Amino acid sequence: MCIIPLDTMRILGIETSCDETSAAIVEDGTKILVNVIASSLPIHAKTGGIIPEIAAREQVKAMVPTLEEAFHSSRLTHHNIDAIAVTYGPGLIGSLLIGVETAKTLAYVWNKPLVPVNHLIGHIYSNWLGEQQPSFPNIALIVSGGHTELVLMEGHGKFKWLGGTRDDAAGEAFDKTARLLGLGYPGGPAIQKAAESGDPTKFNLPRPLSDSTDFDFSFSGLKTAVVNLVNKNKPKSHQEVADFSASIQEAIVDSLLIKTLKVAKKFEVSEILLGGGVAANNLLRKKAAEKFSGKITAGDPKLSVDNAAMIASAAYFNFKNVRWDKVKADPGILI
Ligand code: KG4
Ligand code: ZN
């Protein structure tokens with residue numbers, strides 16, 4: 001392992017942890033030169049959720065064309081790349097392996113340093129992609145389809161995990177309740193859209209663990225409450241679906257913010273970073289900004305969801321290269 005100087009550096013990022021296949025080239029961790037994202041979402045929308053085997057099969061087909069597109073549209077070649085960064089976990093094993101093995105092959109053939117990146121840390125670094133960078137210390141709330149984590153960030157590479165969900169992730173809560181309402185997959189954007197014309201006070205849903213002193217979340221009770229309500233009260237009209245959606249969205253956002261604000265107060269930080277697919281949610285962004293006296297940084301919503309630019313950025317600011325043959329996919333890793 002060696003640390004190389006971080007002057008001007010272009011990193012090729014590769015991300016394949018879930019259903020996306022993404023390749024990006026980022027300069028100095030902040031400037032996106034290209035960020036190509038191929039998704040097999042239309043296939044998963046038909047089945048109402050991701051079938052890992054199908055996602056991986058699609059990624060095998062998409063990996064090389066995605067890389068070709070990234071180089072073609074940026075008019076760069078591998079000679080212009082200083083290093084390769086790849087997501088090694090957490091995620092779906094079949095999906096991770098495609099990105100990891102591709103990155104290892106390229107690092108070997110092109111003789112480039114290879115930086116394995118934790119996907120959750122990658123989500124935090126979507127907030128570095130832009131003109132202004134976050135300050136330290138901050139609290140990062142990572143909210144995705146598989147994770148809901150609170151992290152204290154005291155500097156680059158200085159991450160302290162504080163708490164997370166005890167059961168379902170926030171994104172999962174959106175996806176599962178959307179399915180119950182017949183809104184399709186992915187549930188987050190569908191619920192957000194349906195909620196626009198809904199009344200968030202119509203259904204009384206729980207905000208679990210809001211009084212607990214730990215930094216954990218729980219969303220399975222919310223899902224059960226929605227199951228019971230929907231069974232008792234089958235939504236018959238567009239308006240009823242909208243009211244359910246607005247009530248669900250409000251409950252998830254409240255649960256996330258109650259804990260995040262408590263943590264920000266305890267650690268006396270003046271900045272909160274939002275990352276992960278659920279960070280694209282408009283209500284979460286709006287309510288966070290209203291309730292927190294400091295700064296909320298959430299970046300471009302298009303970069304909240306899975307993409308390779310955030311992986312390249314995380315690699316730049318936490319540059320630790322590993323010999324290509326030592327890099328392994330680790331689906332269960334946390335932070
Ligand atoms: O980070 P991500 O793209 O993939 C994972 O690492 O899981 O997050 C996907 C999750 C899905 O659960 C999806 O429903 C949710 O992010 N999501 C949203 C929104 N956009 C995506 N949830 C709420 N509101 C949104 N606008
Ligand atoms: Zn993700």
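Predicted model: local features only at pLDDT ≥ 70, side-chain atom pairs only at ≥ 80, totals over all residues.
Let me begin with the metal. The zinc ion, ligand 2, has three protein donors listed here: NE2 of His119, NE2 of His123 and an OD atom of Asp306, at 2.0 to 2.1 Å. Along the chain, these donors follow the spacing H-x3-H-x182-D. The pair His123 and Asp306 thus deserves a separate remark: the two residues are 183 residues apart and link distant parts of the chain. His123 belongs to helix α4, residues 119-125, whereas Asp306 lies in the loop between β10 (295-297) and α10 (309-317). Both His123 and Asp306 are buried.

I turn now to ligand 1. This ligand is surrounded by 20 residues, and the closest are His123, Gly145, Asp175, Gly188 and Gly277.

Several polar atoms approach the ligand. A backbone N or O atom of Gly145 is 2.8 Å from an oxygen atom of ligand 1, and a backbone N or O atom of Gly171 is 3.2 Å from an oxygen atom of ligand 1. From Gln192, a polar side-chain atom lies 3.2 Å from a nitrogen atom of the ligand.

How much of ligand 1 does the protein bury? Taken alone, ligand 1 exposes 550 Å², and the protein buries 90% of that. The space that ligand 1 takes is the largest pocket.

Finally, the elements that give two or more residues to the shell around ligand 1 are α4, α5 (170-180) and α6 (187-195). Of these, α6 gives the most, with 4 residues.

Notes:
Residues numbered from 1 in each chain as written. Chains lettered and ligands numbered in written order. Heavy atoms only, no water. Donors = N, O, S within 2.8 Å, 3.2 Å for Na, K, Ca; no water. Buried < 20%, exposed > 50% of the residue type's maximum accessible area, 1.4 Å probe, protein only. Near = heavy atom within 4 Å. Polar contact = N/O pair within 3.5 Å; in protein donor to acceptor, adjacent residues only side chain to side chain. Areas by Shrake-Rupley, 256 points an atom, 1.4 Å probe, with all protein chains shown as cover. 1 Å grid on protein atoms, 1.4 Å probe; cavity = no way out; pocket = protein on both sides within 12 Å on 5 of 7 lines; lining within 4 Å. Sits in = over half its atoms within 2 Å of the grid points.
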